[in-house]
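Subject: Structure for you, with notes on helix packing

Hi,

Here is the structure I promised. Please open it alongside these notes.

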Amino acid sequence: YRMALLIACGNAICGNSAIAAVAPIIGATSEEVTSSIAFTAVLGIGVVLTLPFLIPLFALSDVQYGVLAGMTVYAVPQVLAATMPVGVLSTQLGTLVKLIRILMLGPIVLLMSLVVRRAKLSTGPETADRQGGRTSRPSPPLIPWFIVAFLILAGVRSLDLLPEPVLHPTIWAAGTLTIVSMAALGLSVDLQVLRHVGGKVAIAVTASLVVLATMSLALIKVS
C-alpha cells in the first residue's frame, strides 16, 4: 500500500516532491521511493510528449492547453517542457495551475502525518527487537521544511519584498536550477527499477492518468 500511496500523491500533486514528502511519513523504503520516482518520471515524459497532439485533436486554444497541462502533468519542469513550445500564455497558465495543485501538498502531508501519528498512538510504542532492546524511531515533522520554505518565499515574492538588484540574479538562478533538476530527473531514472512495480499498479496509475486527462478536457470544454 505504501507504493500505491507514493505514486498516487506523486501523480495527483507534484511528482517527486510529493513522493519525497510523503515517504518518511508512511515509512516507505528506499526501494519503494526509487521505484515510485522512476515510474512517475517515465510516465511523465510520456505525458509531455503526448499532450501537444491533443491541441489539434480537440481544437484547444493556448489558454485551454495551458490549463490542461497544469492539471495533468506531474512536475513543474515537465509542465514547462510541455507548454513552452506552444507559447508564453500556455506556459504561464500551465505553471499557475500546477502551482495551485502544489499548494495541496501542505494539507495532504499534514493530514497524513496526523493520521499516522494517531495510528502509532493507538498501537503503542514499538516493541523490543530480537535482542531485547527497544527501538525508537523519531516521528517526522508534521510539515516538511521545504514546504515551509516554499510558502515563505512565495509570500516574499508576492509582497514584492525583494529589491531589483536581488530579483534578477534570483530569477536567473531559479531558471538554472530548473534546468539542472530536469537533467537530474532524467539521469536518476533507472528503467530496471520499473520491474519492481507490479502490473496492477502500472495499470491503475495509467488508468488514473487517462481519467484525469478526460475530466480536465471535459471541464475545459464546459467552462
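Start with α1 and α7, which are oblique to each other because their axes cross at roughly 135°. Keep in mind that this is a predicted model. Helix α1 covers residues 2-14 and helix α7 covers residues 88-102. Their axes come within 8 Å. On the α1 side, the contact uses N11, A12, I13 and C14. On the α7 side, K98, R101 and I102 take part. By class, that contact has four nonpolar, one polar and two charged residues.

Next, α2 (residues 16-26) and α3 (residues 30-50). Their axes come within 10 Å and cross at roughly 165°. That angle is over 145°, so α2 is roughly antiparallel to α3. The crossing of the two is right-handed. N16, I19 and A23 of α2 meet V33, S36, I37 and T40 of α3. Here the classes are four nonpolar, three polar and no charged residues.

Now the nonpolar cores. The largest has 20 residues. Which of them touch the most other members? They are L43, L51, L60, L68 and V73. Five helices each supply at least two residues of this core: α1, α3, α5 (62-72), α6 (76-83) and α11 (199-222).

L68 deserves a look on screen. Leaving aside neighbours within four places in sequence, L68 is in contact with L51, L54, L60, A213, S216, L217 and I220.

There is also a second, separate core of 17 residues. Among its members are A18, I19, V22 and I25. I19 also belongs to the α2 contact with α3.

Best wishes

Terms used:
Residues are numbered from 1 along each chain as its sequence is written. This is a predicted model: local features need pLDDT of at least 70, side-chain atom pairs count only at pLDDT 80 or more; totals for chains, interfaces and linings use all residues. Side-chain values use heavy atoms; hydrogens and water are left out. Axes are lines fitted to C-alpha atoms, for helices over the stretch in contact, and angles run from 0 to 180 degrees between N-to-C directions. Helices (H or I, at least four residues) and strands (E, at least two) are DSSP runs, numbered from the N terminus. Angles under 35 degrees count as roughly parallel, over 145 as roughly antiparallel, 65 to 115 as roughly perpendicular and the rest as oblique. A crossing is left-handed if the near helix is turned anticlockwise from the far one by less than a right angle, and right-handed if clockwise. Contact means heavy atoms within 4.5 Å. Ala, Val, Leu, Ile, Met, Phe, Trp, Tyr, Cys and Pro count as nonpolar, Asp, Glu, Lys and Arg as charged, and the others, Gly among them, as polar. A nonpolar core is a set of buried Ala, Val, Leu, Ile, Met, Phe, Trp, Tyr and Cys residues joined through side-chain atoms within 4.5 Å. Buried means under 20% relative accessible area, exposed over 50%, partly exposed in between (1.4 Å probe, protein chains only).
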